[in-house]
Structures are given as C-alpha cells and as structure tokens.
Amino acid sequence: PASGCFQAEANYPHLVADALGLDLDDRTCSGAVTANVRDTPQVTITGAGTAPIQVDALSTDTDIVTISIGGNDLGFADVAASCLAQAADGPLYLPDFQNCRSLYVQGSEHFEFDTLKAKLDNTVTPALRGTFALIAAKAPNAHVFVVGYPAIAPGPGYAPAGGCFTPMVADDGAFQVDAFPFTDIDTGYLHQTEVRLDAAIRAAAEEAGATYISTLEQTESHSACAKTDPFIRGITLVTSGPSTPTGIPGLSVGLGALHPNSAGVSFLATRIGAAVADAVDMLPRATPTPTPTPTPTA
C-alpha cells in the first residue's frame with residue numbers, strides 16, 4: 001500500500017488467496033497499530049510513504065477479512081529491544097538493569113505492578129475492541145478472522161536443554177544470525193506477556209462477532225529459541241539498511257526479527273487457510289442464468 005511497508009508477497013494472506021482463488025486487497029504494513037486500521041494514515045517506518053487508513057478498503061461487498069493487530073500497540077518491538085541481554089543471567093545492554101522483568105514490573109513480591117499488563121488492560125484492549133467493532137461495521141457481510149500471534153518465547157517446558165540464550169555477537173566479533181539474546185527470567189516474562197495479549201485479542205474479537213484463530217499454543221515448541229524447526233526469526237544485528245534501533249550506538253536489529261520465517265508463514269497459511277476455506281464454502285453462489293433454447297424454424 002505504500003513504500004516502506006515491506007509487504008511480503010509470500011505472506012499468509014497471499015498464500016491463502018492464491019490457494020483458494022480469491023481476490024486479495026492486502027493492506028498489511030510493517031509497524032501498523034490499531035489507529036492505522038481505524039482512522040490514521042500510517043507514515044511507514046522508513047518515512048518513504050504513507051499508507052491509507054486500512055478500513056477504507058472494506059465495504060458491503062467484502063466477503064472475508066483477516067487481520068493480525070495489537071502487538072505494535074503494546075510496543076512489543078521496543079520491549080524486545082530493551083530486553084537485549086549480554087548473558088543468560090544478565091545484565092541488559094541498555095538500560096542498566098539485570099533483566100527486563102525488573103524494568104517493567106515494579107514493587108516487591110508482596111505487591112507487584114506490571115506496567116505492560118496495565119498498558120494492555122487500559123490502552124491496548126479498548127483499542128482492539130474499537131478496531132474490531134469498526135471492521136464489523138465497515139464490512140457487515142464479511143466473515144472476519146482475527147489471527148493471534150505465534151509464540152516468540154517458548155512456553156513452560158518447551159525451552160531446550162541448557163536454556164534459550166544465544167548472544168548477538170559471536171566470540172570472533174561476527175553478528176549471530178537469529179540469536180535469542182534474552183535472559184532466562186525474561187524468556188518466561190515475555191511468554192507470559194504474550195499469553196496475556198493473546199487472551200485480550202481473543203476477548204475483543206469474540207465480542208465483535210469475529211472468529212479468533214489462536215496460534216500461540218500450537219507454536220510454543222517452534223518459538224524463536226527452538227533449536228530445530230523454529231517458526232520465528234531471532235535477532236540479527238545490522239549496521240546499515242532498514243532496521244529497528246537498539247539504543248546501542250551504531251547497532252540496529254534487521255527487519256523481520258521476531259516475525260515468522262518461511263516455515264512459520266507456511267504454518268499460518270495452513271491454519272488460517274482451512275478456516276477461510278470453510279467460510280468460502282458458505283458464501284452465496286450466483287445462480288447461473290439458463291441459456292434459452294432456440295425455437296426451431298421451418
């Protein structure tokens with residue numbers, strides 16, 4: 001929809017539409033938040049273009065809608081960047097904390113205040129509700145599928161022996177590809193935050209009458225920390241090109257970090273495609289007009 005959206009031609013909407021023979025209007029755009037779906041044009045992350053409001057693509061003629069949204073409202077990319085650690089037991093690179101949980105969770109063992117949970121409850125959840133309600137209003141005849149996020153951090157019992165941590169920089173100074181530079185404590189904290197986000201998206205979707213497709217539990221053994229068959233890319237540092245700043249001078253995270261890899265996209269396409277195929281089967285079919293039989297002439 002605009003330069004700098006970095007829309008993938010092999011994302012799950014394209015794969016599903018191609019497999020089912022559907023006409024696709026793909027409005028996905030890297031970095032989008034719920035406001036960009038509802039009412040605010042999105043200046044892309046490179047500043048090279050402006051994507052139009054996404055719901056403006058919807059109408060009474062829309063049959064199927066798929067959407068994944070909410071992670072950027074919670075600021076998950078910034079959270080992940082702030083959690084980059086030097087070792088499995090810390091400290092973080094920036095800021096000066098031993099682990100990320102201690103940065104976002106305040107108080108003591110007797111009373112804790114999780115600032116990410118508060119943001120999810122007080123800001124993200126109302127935004128999700130308003131977004132899904134507006135989609136239902138803009139496309140009243142559509143079957144709406146809200147797709148949850150796959151697991152970035154493993155669930156309990158799914159971490160490999162020896163833990164998840166891998167450094168961003170190897171001993172020889174080279175940048176590791178698809179590293180998982182999060183402390184053991186933060187691996188659990190990030191997954192807990194994902195579980196809460198998944199529940200909030202589900203509740204908002206179902207409240208609006210949409211079908212929710214959760215992918216979290218099915219991918220807990222295929223997280224970015226999985227040693228075999230991961231569905232999610234890890235962290236790869238870069239020094240130039242389109243990227244997300246880390247706060248570490250001169251270093252950024254390459255695009256696609258903590259997003260589905262080709263195996264993950266294939267999983268999503270299969271999971272979502274099956275649900276969309278069932279909805280397509282229920283769409284009304286046009287009744288063909290019979291061809292008149294010619295009247296014989298003498």
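Accessible areas here come from the Shrake-Rupley method with a 1.4 Å probe, and for residues only the protein chains shown count as cover. With that in hand, the protein chain has an accessible surface of about 15,100 Å², and 54% of that belongs to carbon and sulfur atoms.

Quick housekeeping. This is a predicted model, so local features need pLDDT of at least 70 and side-chain atom pairs count only at pLDDT 80 or more, while totals for chains, interfaces and linings use all residues. Residues are numbered from 1 along each chain as its sequence is written, and side-chain values use heavy atoms, with hydrogens and water left out.

Okay, the overall picture. We've got 8 helices and 10 strands; those are DSSP runs numbered from the N terminus, helices being H or I with at least four residues and strands E with at least two. The C-alpha trace spans about 95 × 45 × 40 Å along its principal axes. Of the 298 residues, 44% count as buried, where buried means under 20% relative accessible area, exposed means over 50%, and partly exposed is in between (1.4 Å probe, protein chains only).

Now, charges. The chain carries 13 positive and 31 negative side chains, counting Lys and Arg as positive and Asp and Glu as negative, with His and the chain ends not counted.

How many salt bridges does that give us? The count comes to 6, taking a salt bridge as a side-chain nitrogen of Lys or Arg within 4 Å of a carboxyl oxygen of Asp or Glu.

Have a look at strand 5, residues 112-114. E112 pairs with R101 at 3.0 Å, N to O, and that links strand 5 to helix 5 (residues 101-104), with the two residues 11 apart. E112 counts as partly exposed because its relative accessibility is 42%. D114 meets R196 in a salt bridge, also listed at 3.0 Å, N to O. That pair joins strand 5 to helix 7 (residues 184-207), across 82 residues.

Is D114 buried or exposed? D114 has a relative accessible area of 12%, so it is buried. R196 is at 27%, so that one is partly exposed.

There's also a pair inside helix 6 (residues 115-138): K117 and D121, 4 residues apart, about one turn of the helix. Their closest N and O atoms are 2.8 Å apart. K117 is partly exposed because its relative accessible area is 35%, and D121 is partly exposed because its value is 38%.

At 46% relative accessibility, I45 is partly exposed.

Key: The place of a charge is taken as NZ of Lys, CZ of Arg, CG of Asp or CD of Glu.
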